[in-house]
Amino acid sequence: MPIQYSLFESVAEMKFREIIWEEIDYAKPTKVKDVCKIIKDYYWEQTKNESKAVKIVPDKPEFVFLHKAYSIYHPDWMEKTHGLDVAYFYVDKAPDQWNNQCFYFELDECHVTDNHLGYSFFQKGGGINKERDVKKCCREAISGIKNDAKRKAIGATCTITGEILTWDNIDIHHEDLSFRELLANWIENKGGVDLLYKKVNVTVGNNAITEFTDEDLIKDFQEYHNSHTHLIPLTKKGHAIMHCKKEK
Ligand SMILES: [Zn+2]
């Protein structure tokens, strides 16, 4: 009688093997969340008795999935990763929740302390998508300002690494107030996500830009941005070093 492989598998492992990566519908947040939970359980089972967490590396389909899912759904993905490349994910105990676990990420060139990623927010659906979309509008509102800053800095020297800034290596850092804090403060000042969401151009499909429909609101954010933070052009590597220093 042939050995039944499944007899040696745990439930977590079986569920993990059943995932069909090509068929995941990223438009459905509850589905995405379910897959996250299966990956989490599977990796936690491997990790919980080890001294070091098992890495989820870029050539694994689960890495590709997590990267895509978090960049689509996490409202602070850009600010948490600083737009830098993720080296790997891993599963460990959630901060302040001894009986629960969540994902963490490590960046290619840099360790940041705020590196945990919950997965329950997928479930909140509407609310969290509003926050994500409002923040997208804010990023869009200052994209021109960032591009101007880049254009002016091309050919100058990165103050951290000493490299010459080029279109391929340039990155923009927000000094004084991080972009994440700036977003949080401005959104609160303006009455919160629900109110601001009424001014979001809700777009269907992937090609359209998510932006505020109200020109005055765009100007307001631009002014708030310009008066509370300033932009420092650095190379991507310099930018990584900047955040390592600050948050380690
Ligand atoms: Zn930065």
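Among contacts in the protein chain (C-beta atoms, placed from the backbone, within 7 Å) between residues at least 6 apart in sequence, 65% join residues at least 24 apart. The model is predicted: local features need pLDDT of at least 70, side-chain atom pairs count only at pLDDT 80 or more, and totals for chains, interfaces and linings use all residues. Residues are numbered from 1 along each chain as its sequence is written.

Start with the whole chain, coloured by secondary structure. The protein chain has 10 helices and five strands; these are DSSP runs numbered from the N terminus, helices being H or I with at least four residues and strands E with at least two. Of its 248 residues, 24% are buried. A residue is buried if 20 or more other C-beta atoms lie within 10 Å of its own, exposed if 12 or fewer, and partly exposed in between, with C-beta atoms placed from the backbone.

Select 29–47 and 61–73 next. These are helices H2 and H3, whose axes come within 11 Å and cross at roughly 135°. Axes are lines fitted to C-alpha atoms, for helices over the stretch in contact, and angles run from 0 to 180 degrees between N-to-C directions. H2 and H3 are therefore oblique to each other; angles under 35 degrees count as roughly parallel, over 145 as roughly antiparallel, 65 to 115 as roughly perpendicular and the rest as oblique. Show side chains for the contact: H2 contributes Pro29, Val32, Val35, Cys36 and Ile39, and H3 contributes Glu62, Phe65, Leu66, Ala69 and Tyr73. By class, nine of the contact residues are nonpolar, none is polar and one is charged. Here Ala, Val, Leu, Ile, Met, Phe, Trp, Tyr, Cys and Pro count as nonpolar, Asp, Glu, Lys and Arg as charged, and the others, Gly among them, as polar.

H2 lies across S1 and S2, running at about 80° to S1. The sheet is open, with three strands in the order S1-S2-S3 and antiparallel pairing; two strands pair if DSSP finds at least two bridges between them. S1 (86–94) and S3 (116–117) are the edge strands, each pairing on one side only.

Zoom in on S1 and S2 (residues 97–107), which are antiparallel and joined by eight bridges. Valine 91 has phenylalanine 103 of S2 as its bridge partner, and lysine 93 stands opposite glutamine 101 in S2. The hairpin of S1 and S2 has two residues between the strands, and aspartate 96 there takes a positive phi near 65°.

Tyrosine 104 has histidine 116 in S3 as its bridge partner. In the loop between S2 and S3, pick valine 112. Valine 112 is partly exposed because it has 18 other C-beta atoms within 10 Å. Its C-alpha lies 9.6 Å from that of histidine 82, 30 residues apart in sequence.

Move to aspartate 176, in the loop between strand S4 (170–175) and helix H7 (179–189). Aspartate 176 is not a glycine, yet has a positive phi of about 80°. Most residues other than glycine have a negative phi. Aspartate 176 counts as exposed, since it has 10 C-beta neighbours inside 10 Å.

Finish at serine 143 in helix H6 (residues 143–153). Is serine 143 buried or exposed? Serine 143 is exposed, because 12 other C-beta atoms lie within 10 Å.

Key: Contact = placed C-beta atoms within 7 Å.
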